[in-house]
Amino acid sequence: MLAKSPSNSSGRSQRPAPSATALELGMTRTVLLNDTTLRDGEQAPGVAFSRREKIEIAEALAAAGVPEIEAGTPAMGDEEVETLRSIASLNLPLRVVAWCRMSEDDLMAAVAAGVTAVNLSIPSSDRQLKGKLGRDRDWALGTLRRVVGLARQLGFSVAVGCEDASRADQEFLCRIAEAAREAGAFRLRLADTLGVLDPFSAYALVRRVANATDLEIEFHAHDDLGLATANTLAAVSGGARHCSVTVTGLGERAGNAALEEVAIALRQTARAETGIDPVALRPLAELVARASGRPLARSKAIVGDDVFTHESGIHVSGLLKDRATYEALSPQMLGRDHRVVLGKHSGLAAIAKALADEGLAVDEARGRAILARVREFATRTKQSVSPEVLRRFYEDSFTEEALRRRHAAVMGA
Ligand SMILES: CC(=O)SCCNC(=O)CCNC(=O)[C@H](O)C(C)(C)COP(=O)(O)OP(=O)(O)OC[C@H]1O[C@@H](n2cnc3c(N)ncnc32)[C@H](O)[C@@H]1OP(=O)(O)O
Ligand SMILES: O=C(O)CCC(=O)C(=O)O
């Protein structure tokens with residue numbers, strides 16, 4: 001393992017390797033989100049934002065309190081460079097980063113894009129170095145020193161991205177960190193490019209590298225195993241101070257860690273603050289859903305239509321007595337409200353409450369008769385029961401009862 005350097009490029013003095021992270025000590029700290037919806041998000045198959053859409057998303061991210069965005073890939077050509085330039089010229093209260101391969105050509109395209117910060121990406125696993133570039137570790141370190149050095153001379157703030165870090169030799173990652181720090185980078189990104197980590201291995205990877213360098217660590221997750229958010233939280237516990245995220249998790253293949261999930265989960269469970277305005281999250285998700293042509297799933301955590309909607313009778317009965325029985329996340333904090341719907345899983349308490357909301361009262365027998373109709377309707381139509389339909393069931397219940405009584409009288413006569 002490499003010894004820690006006496007100071008980093010910003011002149012911070014050496015700190016001893018921590019035996020426990022701040023989170024493990026129960027301290028609240030700030031974690032900075034780097035939103036890459038406009039770069040990795042747009043790499044989702046079939047997604048292509050127009051310049052106007054990119055600008056709108058950048059503005060909405062700034063308004064939500066996101067401190068940094070990775071806004072595009074200058075190497076893609078003139079249109080992308082112009083779009084980056086437009087975003088940079090808005091002077092939004094966030095850092096605009098351009099994503100580049102670790103190459104002089106990509107760097108020059110970033111100069112044309114008018115940004116002040118770049119993420120320079122280098123494959124860090126032997127598999128990728130050899131398999132896609134036909135190169136080795138010495139080439140990677142030499143190229144990194146040269147290109148990061150040039151970027152610093154050009155006045156860029158430089159983050160170094162370790163592509164495929166999750167499959168890389170961790171000793172080599174520490175050497176990359178050291179080379180990046182010496183060349184003047186301010187941050188090292190550990191990318192789980194193929195989404196192969198789980199929270200335990202994500203924690204161990206970040207912890208290992210964070211303990212070997214004074215560079216700030218960013219974690220970039222992919223959701224191939226459905227673990228992107230969990231891995232990001234684990235990475236924060238392991239010492240990552242920056243999280244790479246996208247709105248709704250939009251991104252290459254199965255996507256990335258969702259900004260809204262990471263921001264709220266950090267706040268709810270990991271005692272870290274991101275400065276993101278929770279109320280802005282749903283409008284942001286709706287904006288990205290429209291621009292990407294990918295409608296929001298109703299059950300999408302934090303921002304989906306149904307995440308504060310309750311149907312099950314046992315839950316509704318509990319909620320009516322004490323909200324905290326079935327509500328841990330405050331809908332109000334997110335500018336939302338909770339909702340009860342009637343369906344196949346409703347119970348009597350929900351029926352009585354829904355009728356009371358309509359100014360109607362029933363005894364238990366009538367309530368149960370209405371509940372039977374609610375269940376039959378929900379099963380047949382696969383829809384919740386609206387107040388109008390409920391009122392009809394209520395009115396029918398009198399007619400049905402009268403018919404039943406007459407039938408019973410006739411049969412008894
Ligand atoms: C894990 C990630 O998300 S990485 C980011 C992925 N993002 C993108 O691919 C952005 C969209 N891409 C593009 O528009 C195009 O691929 C471009 C403009 C970047 C490159 O286009 P082309 O020049 O036509 O190259 P092409 O796409 O065929 O191949 C990619 C090239 O990048 C090279 N490359 C890949 N990673 C790196 C790296 N970190 N450093 C240097 N070169 C790299 C590949 O080896 C390949 O070059 P080769 O053909 O000489 O082997
Ligand atoms: O900046 C990097 O190297 C990360 C690139 C990326 O999107 C990934 O590896 O998944």
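Visitor: Before we start, what are the ground rules here?
Guide: This is a predicted model, where local features need pLDDT of at least 70, side-chain atom pairs count only at pLDDT 80 or more, and totals for chains, interfaces and linings use all residues. Residues are numbered from 1 along each chain as its sequence is written, while chains are lettered from A and ligands numbered from 1 in the order in which they are written.

Visitor: OK, which strands close into a barrel, and in what order?
Guide: Eight of them, running β2-β3-β4-β5-β6-β7-β8-β9 with parallel pairing. Strands (E, at least two residues) and helices (H or I, at least four) are DSSP runs numbered from the N terminus, and two strands pair if DSSP finds at least two bridges between them.

Visitor: And how are neighbouring strands turned against each other?
Guide: By 25 degrees on average, direction ignored. Axes are lines fitted to C-alpha atoms, for helices over the stretch in contact, and angles run from 0 to 180 degrees between N-to-C directions.

Visitor: Over how many bridges do β4 and β5 pair?
Guide: Five, in the parallel sense, between β4 (residues 95–101) and β5 (residues 117–123). Val97 faces Ala117 of β5 there.

Visitor: Switching to ligands. Which residues come nearest to ligand 1?
Guide: Thr73, Ala75, Met76, Arg101 and Met102, out of 16 residues around ligand 1. Being near means a C-beta atom, placed from the backbone, within 6 Å.

Visitor: Which element gives the most to that shell around ligand 1?
Guide: β5, with three residues. By class, the ligand 1 shell holds six nonpolar, five polar and five charged residues. In that scheme Ala, Val, Leu, Ile, Met, Phe, Trp, Tyr, Cys and Pro are nonpolar, Asp, Glu, Lys and Arg are charged, and the others, Gly among them, are polar.

Visitor: What surrounds ligand 2?
Guide: Its surroundings include Asp40, Asn119, Glu163, Arg189, His220 and His222. Two or more residues each come from β5, β6 (157–163) and β7, and β6 gives the most, with three. The ligand 2 shell splits into two nonpolar, six polar and three charged residues.

Visitor: Now helices. Where does α7 lie?
Guide: Helix α7 (residues 199–210) lies across β7 (187–191) and β8 (216–220), at about 160 degrees to β8.

Visitor: At what angle do α7 and α8 pack?
Guide: About 35 degrees, with the axes of α7 and α8 (residues 228–238) 8 Å apart. Among the residues that meet are Tyr203 and Val206 in α7, and Ala230 and Ala234 in α8. Contact needs C-beta atoms, placed from the backbone, within 7 Å. The α7–α8 contact divides into eight nonpolar, three polar and one charged residues.

Visitor: Last one: what are the domains?
Guide: The assignment gives domain 1 (29–292) and domain 2 (309–412), with bounds taken from an automatic or database domain assignment. Their contact takes five residues from domain 1 and five from domain 2. The centres of domain 1 and domain 2, taken over C-alpha atoms, are separated by 48 Å.

Methods. Contact = placed C-beta atoms within 7 Å.
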